[in-house]
Amino acid sequence: MTSTAVRSASTTEAPLVLTTDAPRTLGFFDQFTLWGNFGISLFGPVTGALVAAYTGSLWQGLLAVVVGCGIGALVLGGAAVFGSQTGAPAMACLRGLFGRRGSMAPTVLNIAQNVGWATMEIIVISQAAVAVTSERWRWVFVVLAGIIATTMAVRPLGSVKILRKFMVWLVLLASIYLFVQVLSKPAHTLPQDNVFGFWPAVDLAAAGVVSFAPLAADYTRHSRTNKAAFGGSALGYGLAAIGYYALGVVAVATLQTNSDDVITALVTLPAGAIALFVLLVDEVDEAYANVYSTTMAAHNLIGHVDRRWISVAIGVIATGIALFIDLGNYTQFLYLIGSVFIPLFAVAIADFFIVSKMKWDVSDTAKFRWQPTLAWLIGFAAYQLVNPGTVSGWSPFWTDIQQGLFNHQPVPTWLGATYTSIIVSMVAAVLLGRIGRRPAA
């Protein structure tokens with residue numbers, strides 16, 4: 001794969017195989033609207049409601065949203081530059097970090113999380129549609145959402161144009177309406193029964209944004225410049241996520257709802273069903289993004305296979321799973337994603353910009369690099385030690401180590417897993433990277 005892509009007037013769609021150069025057709029506004037649409041999600045109010053529950057305070061909840069989404073947006077923007085600089089999709093970019101074989105580990109994890117996200121998006125679309133219509137139609141909405149998302153994944157750049165020209169304006173109007181309605185209600189005291197603290201809430205908000213970092217280069221490989229890639233992704237997704245997470249925080253205070261019922265509460269607002277229907281249609285782009293990025297991740301393993309067939313297979317799998325499972329433990333899903341990918345992309349950003357000076361080998365012959373691999377493991381451990389989570393069979397192991405390190409005292413409330421793991425990961429990446437580049441005696 002070459003480091004730059006040749007833009008051809010006759011080539012306006014994403015390449016079908018990994019070895020074909022990507023057309024550079026996306027400017028700042030294209031990417032700003034694309035990532036803004038990705039950031040406007042029905043998961044936003046759900047996550048915001050969880051943040052509100054974690055803080056037990058309207059203002060602390062809003063601050064946690066701004067801090068968490070801000071951190072996540074910077075990581076997302078940094079990851080976006082990988083694609084615009086190399087011309088490679090996200091997981092192929094990681095060949096420059098871990099080598100060709102080493103990149104397979106995050107690729108497999110990314111495929112698993114993207115299939116999970118695509119499934120969850122289809123589920124939340126069907127649940128929101130059922131809130132407007134009837135439970136008996138759920139399977140219809142699941143299948144319809146899966147078909148539309150898969151079709152968009154087959155023609156990704158064409159879908160970006162549709163989102164830019166039409167959906168962004170409808171979504172903006174619907175968003176303004178929901179905000180006006182929610183803010184017009186008096187605020188009430190938030191429940192205090194599930195309060196975990198400010199920094200766990202920041203971790204939750206950041207994890208939701210960083211979950212898109214492993215997808216960023218799949219789209220920004222089509223960016224005309226690095227600045228457009230960074231600014232379009234970080235500002236577009238960051239601002240949209242802040243807005244929609246904040247909507248959930250405020251809804252908990254004014255509508256006296258929770259994360260399980262926040263979507264239903266928004267539907268019951270005057271004309272809320274109409275506004276939510278617009279967002280419901282727009283939500284399909286989230287599922288499309290995950291189907292397409294699963295395809296791009298698979299291309300790092302089987303780059304010779306036509307991506308359209310891979311997208312169809314992934315769409316069928318996600319739709320099939322969505323027909324038979326419920327939403328599940330969304331909070332712990334976000335934390336698990338954060339604990340893996342926040343330190344991974346912190347290491348990648350430090351290595352790309354500081355250690356490797358924006359020169360990664362993303363070819364099939366890229367060699368394994370132990371330094372960033374070790375830095376990733378160190379950052380992952382740092383995240384787990386601050387926030388072990390509650391996953392059965394996994395969390396007790398890290399909790400025991402945590403209690404030993406802190407002498408059985410609670411972790412300091414100012415110590416957040418997100419920024420701690422980012423700092424630890426970046427420092428480790430830079431120090432180990434310098435060791436690795438030290439000339440032999």
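With which side chain does the side chain of Asp 306 make a polar contact? The partner is the side chain of Arg 308, at 2.7 Å, where a polar contact is a pair of N or O atoms within 3.5 Å; within protein, one must be able to donate a hydrogen and the other to accept it, and residues adjacent in sequence count only if both atoms are side-chain atoms. The model is predicted, so local features need pLDDT of at least 70 and side-chain atom pairs count only at pLDDT 80 or more, while totals for chains, interfaces and linings use all residues. Residues are numbered from 1 along each chain as its sequence is written, and side-chain values use heavy atoms, with hydrogens and water left out.

The overall fold can be taken next. The protein chain has 18 helices and zero strands; these are DSSP runs numbered from the N terminus, with helices (H or I) of at least four residues and strands (E) of at least two. Along the principal axes, the C-alpha atoms fill a box of roughly 70 × 65 × 35 Å. Of the 441 residues, 59% are buried (buried means under 20% relative accessible area, exposed over 50%, partly exposed in between, with a 1.4 Å probe and protein chains only). Among contacts with a separation of 6 or more, 86% join residues 24 or more positions apart, contact meaning heavy atoms within 4.5 Å.

Back at Asp 306, the residue sits in the loop between helix H13 (272-299) and helix H14 (307-324). Asp 306 is buried because its relative accessible area is 17%. Apart from neighbours within four places in sequence, Asp 306 is in contact with Leu 16, Val 17 and His 299. Helix H13 also holds Asp 282, and this residue counts as buried because its relative accessibility is 2%. The C-alpha atoms of Asp 282 and Ile 125 are 9.6 Å apart, although 157 residues separate the two along the chain.

Two further residues show how helices are placed within the fold. Thr 119 belongs to helix H6 (residues 104-132) and is buried, with a relative accessible area of 3%. Leaving out residues up to four places away in sequence, Thr 119 touches Ala 318, Ile 321, Ala 322 and Ile 325. From Thr 119 to Gly 315 the C-alpha distance is 8.9 Å, across 196 residues of chain. Gln 384, in helix H16 (residues 370-386), likewise counts as buried, at 3% relative accessibility. Beyond its neighbours within four places in sequence, Gln 384 is in contact with Ser 339, Trp 394 and Trp 398.

Backbone geometry brings two loops into view. Gln 256, in the loop between helix H11 (226-254) and helix H12 (262-267), has a positive phi of about 50° although it is not a glycine. Gln 256 counts as exposed because its relative accessibility is 57%. Lys 357 lies in the loop between helix H15 (330-355) and H16, and its phi is near 55°, a positive value in a residue other than glycine. Lys 357 is exposed, at 57% relative accessibility.
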